[in-house]
Amino acid sequence: MTVDSHTGLDDLDALVDLAVQRILLSDDVAATKFRSGAPVEDLLRERQLLAETGRRAVQMGLDREMAVRFLRSQMSASKTVQWGLLARWQEHPEEAPSTVPDLQVLRERLDDLTEQLLEHLRCMQGHRPVSLRRRLEDVRIPVAAVHHLDALHRRALDLATEWACSAE
């Protein structure tokens, strides 16, 4: 199957849309960290998630390194949003959220989205990287528009999809 096939396009659209959903959850994660004072980076949790992603990738028949690189891109996107929002809320506390979402519920949703992302990544395995990179821009623009992403979240989407640019 090539990236130009109908199935490949659907999988790429779905993959980008799921990445946006994951990015948008970063707003709520930032809210919990703003209220709790917790740091954006949790290196122990990140290592655990990357190790679990590597194990899950092997179980799914995915290239382990690609899956880990993919999740790193998702984490980088999330941290970019969190740092951006925390800086904004520090400067303009009146814009900070007044309610704090349950971090455990957010983590469960993030885990679910990660599983869905890996499944779509598995479906796209074997696509030509050059065609994938070329098609990715065509997909990102309308998905960003549908979700009304601001500059911060569009930058995060670029980071979330950069794994395709480093694909071999």
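How many salt bridges does the count come to? The count comes to 10 in this predicted model. Helices H1 and H5 are joined by one of them, Arg135 with Asp13. The largest pocket holds about 450 Å³ of space.

**Largest pocket**

- The lining numbers 23 residues.
- Arg22, Arg45, Leu49, Met75 and Leu110 lie nearest the pocket centre.
- At least two lining residues come from each of H1 (6–36), H2 (43–60), H3 (64–91) and H4 (103–124).
- H4 gives the largest share, with 7 residues.
- By class, the lining has 11 charged, 8 nonpolar and 4 polar residues.

- Arg135 pairs with Asp13, with the closest N and O atoms 3.3 Å apart.
- This pair links distant parts of the chain: Arg135 sits in H5 (129–146), Asp13 in H1, 122 residues apart.
- Arg135 is buried at 19% relative accessible area, whereas Asp13 is partly exposed at 31%.
- Asp158 and Arg140 meet in a salt bridge at 3.8 Å, N to O.
- Asp158 lies in H6 (151–160) and Arg140 in H5, so the bridge ties together parts 18 residues apart in sequence.
- Arg140 is buried, with 13% relative accessibility, while Asp158 is partly exposed, with 35%.

- Asp112 and Arg109 form a salt bridge, their closest N and O atoms 2.9 Å apart.
- The two are 3 residues apart in H4, so about one helical turn separates them.
- Asp112 is partly exposed at 35% relative accessible area, and Arg109 is partly exposed at 31%.

**Network**

- Salt bridges link Glu41, Glu46 and Lys79 in a network.

Key: Residues numbered from 1 in each chain as written. Predicted model: local features only at pLDDT ≥ 70, side-chain atom pairs only at ≥ 80, totals over all residues. Heavy atoms only, no water. 1 Å grid on protein atoms, 1.4 Å probe; cavity = no way out; pocket = protein on both sides within 12 Å on 5 of 7 lines; lining within 4 Å. Points joined across faces, edges and corners; volume = space filled by probe spheres on them. Helix = DSSP H or I, 4+ residues; strand = E, 2+ residues; numbered from the N terminus. Nonpolar A, V, L, I, M, F, W, Y, C, P; charged D, E, K, R; others polar. Salt bridge = Lys/Arg side-chain N within 4 Å of Asp/Glu carboxyl O. Buried < 20%, exposed > 50% of the residue type's maximum accessible area, 1.4 Å probe, protein only.
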